[in-house]
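Me: I would like to go through this model feature by feature. Please give the general idea each time, and then the case here.

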Amino acid sequence: MIQGHGGDIYNLARKLGCRAEEIIDLSSNINPLGMPPGILDDLRNQIGTVGMLPEADSRTAARQMAGLLALDANRIMAGNGTTHFIYSACPALEARKVLILGPTYADYADACRMHHIEPHHFMAHAESGFEINLEGLEEALGGMDMAFICNPNNPTGRLIPHDRLRALCQAHPGTHFVIDESYLPFVPSRQSQTMAACELDNVSVLYSLSKIFGLPGLRAGFLIANPATIARFQIFMQPWSLNSLSQVAVGYLCRNSTVVETFIDDTRSFLENERKQFRQDLGTNTQVLLYPSLASYFLIGLPIEWTACEVCKAMAQQRILIRNCSNFHGLSEQFVRVALKKATVNRLAAKHLAEIIGRRSG
């Protein structure tokens with residue numbers, strides 16, 4: 001397991017001698033609008049459910065989520081976050097040769113190594129703004145049993161358009177594509193087509209409640225695939241993977257689909273504005289490079305005078321936590337990631353980042 005995920009506000013608070021609540025966390029890619037209206041009250045009202053065992057196979061929650069996502073209930077299963085499925089993908093799919101499209105989330109590689117598989121990597125590069133070379137990817141997929149693709153990608157925010165991704169999967173029927181769509185709900189609706197409805201036999205889609213609904217502590221995620229693939233994953237699932245409150249939260253979301261749709265639309269509109277504003281706030285600072293992003297975060301290239309560790313440390317002194325990206329395979333110590341939050345926080349972060357970088361200008 002890597003020691004370097006975002007969101008470690010507790011460790012920073014200990015170092016600074018302050019309360020965790022005083023830290024502004026821009027390292028964790030959680031919805032800046034928080035949770036959908038009403039869900040926290042519903043969880044409080046049903047806190048007593050923790051006094052009994054939840055449904056062992058979370059089948060009700062899976063059926064409810066199928067209804068919310070307009071999917072066949074036989075094509076979805078619930079787990080302890082999408083991480084649950086990432087770490088069981090290799091044995092479930094009997095994969096031995098795995099390709100990871102990077103630079104990306106380190107748990108895909110960690111999941112391979114847990115099962116004694118050294119993954120192959122196909123990298124996008126800073127010189128192209130981390131745009132994916134699909135022709136090169138086509139060639140790299142030759143002979144691969146499985147491929148992990150995060151779409152839109154973390155940490156670059158780059159999206160492979162739906163039609164091109166579908167064509168890629170169709171062109172390689174011998175490769176099983178595990179497509180992590182944890183950040184797809186943040187993408188503007190005109191570009192946010194999911195692969196969940198494609199019903200290709202060699203595609204499994206990961207759907208997370210953590211990011212878009214601001215519920216990372218509940219650890220609720222879903223796998224969407226054909227029934228035969230679902231059956232293969234079920235062999236590696238433990239009973240009670242989805243706890244009582246997670247199942248309550250799924251029920252609330254599915255009973256309040258109109259609220260959910262409005263919440264997602266509001267989130268997308270907010271982020272479209274904030275992406276433009278944040279880019280504008282740092283636009284006059286030519287020493288930093290904001291890479292194109294359709295997600296809720298920006299990958300930032302730093303000037304050669306700075307390392308990610310130094311910038312993160314300087315921002316931490318302002319009680320602002322950003323993500324050091326040097327432990328992403330394929331990225332150097334010249335990259336950090338900033339997750340967008342409320343407008344006033346984003347302005348503050350841009351101001352401090354510009355001031356810090358400016359200390360060594362010229």
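Reply: Start with helix packing. Axes are lines fitted to C-alpha atoms, for helices over the stretch in contact, and angles run from 0 to 180 degrees between N-to-C directions. Helices (H or I, at least four residues) and strands (E, at least two) are DSSP runs, numbered from the N terminus. This is a predicted model, in which local features need pLDDT of at least 70 and side-chain atom pairs count only at pLDDT 80 or more, while totals for chains, interfaces and linings use all residues. Residues are numbered from 1 along each chain as its sequence is written, and side-chain values use heavy atoms, with hydrogens and water left out.

Me: At what angle do helices α11 and α12 pack, and how far apart are their axes?

Reply: The angle between α11 (residues 308-316) and α12 (residues 343-358) is about 125°, and the axes are 10 Å apart. That makes α11 oblique to α12. The classes are roughly parallel for angles under 35 degrees, roughly antiparallel for those over 145, roughly perpendicular from 65 to 115, and oblique for the rest.

Me: Is the crossing of α11 and α12 left-handed or right-handed?

Reply: A crossing is left-handed if the near helix is turned anticlockwise from the far one by less than a right angle, and right-handed if clockwise. The crossing of α11 and α12 is right-handed.

Me: Which residues of α11 and α12 meet?

Reply: Contact means heavy atoms within 4.5 Å. From α11, Val-311, Ala-314 and Met-315 meet Ala-349, His-352, Leu-353, Ile-356 and Ile-357 of α12. The residues of this contact divide into seven nonpolar, one polar and no charged. In this scheme Ala, Val, Leu, Ile, Met, Phe, Trp, Tyr, Cys and Pro count as nonpolar, Asp, Glu, Lys and Arg as charged, and the others, Gly among them, as polar.

Me: Now the sheet. In what order do the four strands of the open sheet come?

Reply: Two strands pair if DSSP finds at least two bridges between them. Here the order is β9-β10-β13-β12, with antiparallel pairing. The edge strands, each pairing on one side only, are β9 (289-290) and β12 (323-324).

Me: How many bridges join β10 to β9, and how many join β10 to β13?

Reply: Strand β10 (residues 297-301) is joined to β9 by two bridges and to β13 (residues 335-339) by five. Leu-289 stands opposite Gly-301, and Leu-290 stands opposite Ile-300. On the other pairing, Tyr-297 has Ala-339 of β13 as its bridge partner. β9 and β10 form a hairpin, with six residues between them.

Me: Which residues of β10 point one way, and which the other?

Reply: Tyr-297, Leu-299 and Gly-301 point one way, and Phe-298 and Ile-300 the other way. Buried means under 20% relative accessible area, exposed over 50%, and partly exposed in between (1.4 Å probe, protein chains only). By that rule, five of the five residues of β10 are buried.

Me: What should I look for in the backbone?

Reply: Most residues other than glycine have a negative phi, and most peptide bonds are trans. Departures from both patterns are listed next.

Me: Where do Phe-130 and Trp-240 lie?

Reply: Phe-130, with phi near 65°, lies in the loop between β4 (120-123) and α6 (134-140). Trp-240 has a positive phi of about 60° and is found in the loop between α8 (227-234) and α9 (244-255). Phe-130 is buried at 2% relative accessibility, whereas Trp-240 is partly exposed at 44%.
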